[in-house]
Amino acid sequence: MDLPSVIPIFALPNVVLFPGVPLPLHIFEPRYRDMVSDAVAGHEIIGMALLRGDWQRSYEERPPIFEIGCAGRLVNVEPLPDGRFNILLHGLREFTVHRHIFEKSYRQAEVSWRTGGHDGLGEPQRATLIQTLGRFLGAAPSSPADHLLHDRSLSDAMLVNYFSYILDVQPLEKQCLLEACSLLARAQRLNEILEFHLEESRLTLKASGSDRCH
C-alpha cells in the first residue's frame with residue numbers, strides 16, 4: 001500500500017484509533033470541515049492523534065499531541081446541509097510524526113509509517129488474552145461476548161486492535177497500547193492493563209466489604 005508522507009491530523013482528547021477498526025465521526029469545526037473536503041479530493045487518509053498535556057489552553061491553535069497515531073481511510077462521507085459531515089474512517093496503520101505543518105487551517109504532519117510488527121500471536125498468547133478479556137467483560141459461557149472471543153475467524157490483529165479500541169479504559173492507556181512496537185507487545189500490554197483493572201476492582205470490592213463490617 002502506497003501511503004503519503006504528509007497527512008492531515010485530527011487531534012481529539014479521548015479517541016485512539018487502531019488498525020482495522022471503524023471509527024464514525026461527526027465533523028463540525030470549520031478547520032476540520034476543510035480537512036475532510038481536502039481529504040475527499042486527495043488521498044482520502046486522515047491521521048488520528050491524541051491530544052496531550054495542557055491542550056485546553058491552545059485547543060483553537062496548536063495544542064500538543066502524542067507523536068504516534070493511527071491513520072484511517074475515508075470509507076464513507078455524508079455531507080450535511082449546513083456544511084458539517086458525518087464520516088467513517090477505517091483504521092489503516094500506525095504512524096510517527098516527524099514534522100508538524102501549519103500551512104492550512106488544520107494541522108498536517110510529515111510522518112513515517114510502521115512497516116513491521118504486524119505478525120500474529122502465538123497460541124498461548126492468544127489464549128491468555130482471551131481468558132483475561134473474558135474475565136474483564138464478565139463473559140458468561142455461550143454469551144455473545146464469549147462467542148466473539150472464541151470465534152476463530154477473528155484474526156489476532158482484529159482481536160487485539162478491536163478490544164484495545166472498544167474497552168472502557170483511559171485514553172492514555174489506549175495510547176500506550178497504540179505505541180507498542182508490535183502486535184504481540186500490544187497484546188501483552190493489553191493483558192497487563194486488564195489484569196491491573198481486575199485487581200483494582202477486587203481490592204475495591206474487598207475494601208467496601210470490610211467497611212460494611214464496622
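Two strands pair here if DSSP finds at least two bridges between them, and strands (E, at least two residues) and helices (H or I, at least four) are DSSP runs numbered from the N terminus. With that in hand, let's look at strand S3, residues 45-50. This is a predicted model, in which local features need pLDDT of at least 70, side-chain atom pairs count only at pLDDT 80 or more, and totals for chains, interfaces and linings use all residues. Residues are numbered from 1 along each chain as its sequence is written, and side-chain values use heavy atoms, leaving out hydrogens and water.

**Strand pairing**
- S3 runs parallel to strand S1 (residues 6-12), joined by 4 bridges; Phe10 has Met48 as its bridge partner in S3.
- With strand S4 (residues 68-79), S3 pairs in the antiparallel sense over 4 bridges, and Gly72 in S4 is the bridge partner of Ile46.

**Burial and faces**
- In S3, 6 of 6 residues are buried (under 20% relative accessible area, with exposed over 50% and partly exposed in between; 1.4 Å probe, protein chains only).
- Ile45, Gly47 and Ala49 point one way from S3, while Ile46, Met48 and Leu50 point the other way.
- In a regular strand, side chains alternate between the two faces of the sheet.

**Cores and contacts**
- A nonpolar core is a set of buried Ala, Val, Leu, Ile, Met, Phe, Trp, Tyr and Cys residues joined through side-chain atoms within 4.5 Å.
- The largest has 44 residues, and Phe10, Leu25, Ile46, Met48 and Ile87 touch the most other members.
- Helix H6 (residues 183-212) gives this core its largest share, 5 residues.
- A second, separate core of 15 residues includes Ile45 and Ala49.
- Beyond its neighbours within four places in sequence, Met48 is in contact with residues including Phe10, Leu25, Cys70 and Phe95 (contact means heavy atoms within 4.5 Å).
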